[in-house]
Amino acid sequence: MAVKVMSTSIHKNSLTFFLGQNAMPTISQTLPAHHKHCDDLFSAAEEAAQRGQWKTCSEATGRYMQTMLAHFDAEESLLFPAFENATGMTSGPTQMMRIEHDQMRNLLGQLEVAQKAQDADTFSGVAETLLILMQQHNMKEENILYPMCDQTLGAQVEQLSAQLSARLAEA
Ligand SMILES: [Fe+2]
C-alpha cells in the first residue's frame, strides 16, 4: 500500500515536471492582458473627445466604462474573496484595491457626465486624473497583488483564471 501511494506521488510530480508551472494560465497572465484592453478602450474614447467626435466618443466611453466595471466586478467577486479566504488578510492589499476601484468608479461617472455634456475641457481633466490612477492601480496589482495571488492560491489558480477569463469575455 505504501509503495502504491509513493508511486502515485512520483507520477504526479513527473506530470508537473513535464507540463511545467507555466502550462496553466496564472492570474499574472490573465488579468494584465485585460488591463491592456481597458487602456486601449480608454485611448479610443480620449482621442474621440480630443477631436470633438462626440458620437464616436459616446460609443467609445460606453464600451470603456462597461469593460472597466466588469473588470472591477470580476476582481471583487472572484479574485479578492479567494485571496482573502486563502490568506486571512481582509484589510490588506485587497481593501486598498477596493477603495481605488471606488475612486475610479466615481471618475468614470464624471467622465460620462462630461461626455454627455460634450464638455471637452472637463472630459480631458477627468481623463487625465483617471489615467494616472489607473496606471498606479494596475502597477500595484500586476507587480504585487497578482503574483501574491498566484503564490497563495495554489491549486485554485487554474480554475480561478478560467473563471475570470470567462467572466471578462462576456463583458
Ligand atoms: Fe483592480
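Author: Helix 2 and helix 6 cross in a left-handed way. By that I mean that the near helix is turned anticlockwise from the far one by less than a right angle (clockwise would be right-handed). Keep in mind that this is a predicted model, where local features need pLDDT of at least 70, side-chain atom pairs count only at pLDDT 80 or more, and totals for chains, interfaces and linings use all residues. Residue numbers start from 1 along each chain as its sequence is written.

Reader: What makes helix 2 and helix 6 roughly parallel to each other?

Author: Their axes sit 9 Å apart and the packing angle is about 15°. Axes are lines fitted to C-alpha atoms, for helices over the stretch in contact, with angles from 0 to 180 degrees between N-to-C directions. Under 35 degrees is roughly parallel, over 145 roughly antiparallel, 65 to 115 roughly perpendicular, and the rest oblique. Helix 2 and helix 6 therefore land in the roughly parallel class.

Reader: Which residues of helix 2 and helix 6 meet?

Author: From helix 2 you get Ile27, Thr30, Leu31 and His34, and they meet Val157, Leu160, Ser161, Leu164, Ser165 and Leu168 of helix 6. Sorted by class, this contact has six nonpolar, four polar and no charged residues. (Nonpolar is Ala, Val, Leu, Ile, Met, Phe, Trp, Tyr, Cys and Pro; charged is Asp, Glu, Lys and Arg; polar is the others, Gly among them.)

Reader: Why is Ser161 called buried?

Author: Ser161, in helix 6, has 23 C-beta neighbours inside 10 Å, so it counts as buried. The cut-off is 20 or more other C-beta atoms within 10 Å, while 12 or fewer is exposed and in between is partly exposed, with C-beta atoms placed from the backbone. Leaving out residues up to four places away in sequence, Ser161 touches Pro25, Thr26, Ile27 and Thr30; touching, or contact, means C-beta atoms within 7 Å. Leu31 is 130 residues away from Ser161 along the chain, yet their C-alpha atoms are 8.4 Å apart.

Reader: And how do you know that Thr90 is exposed?

Author: Thr90 has 12 C-beta neighbours inside 10 Å, so it counts as exposed. You'll find Thr90 in the loop between helix 3 (54–87) and helix 4 (93–116). Thr90 touches Glu84 and Gln95, again not counting residues up to four places away in sequence.

Reader: What makes helix 3 oblique to helix 5?

Author: Their axes come within 10 Å and cross at roughly 55°. That value makes the pair oblique. Leu79, Ala82, Phe83, Ala86 and Thr87 of helix 3 make the contact with Cys149, Thr152 and Leu153 of helix 5. That gives six nonpolar, two polar and no charged residues.

Reader: Where does helix 5 bend?

Author: Helix 5 (residues 120–153) bends by about 40° at Glu141. The bend is the angle between axes fitted to the seven residues ending there and the seven starting there. Glu141 is one of the buried residues of helix 5, along with others including Phe123 and Leu130. Just after helix 5, Gly154 has a positive phi of about 50°.

Reader: How many helices and strands does the chain have?

Author: Six helices and zero strands. Helices are DSSP runs (H or I, at least four residues), strands are E runs of at least two, and numbering goes from the N terminus.

Definitions and conventions: Contact = placed C-beta atoms within 7 Å.
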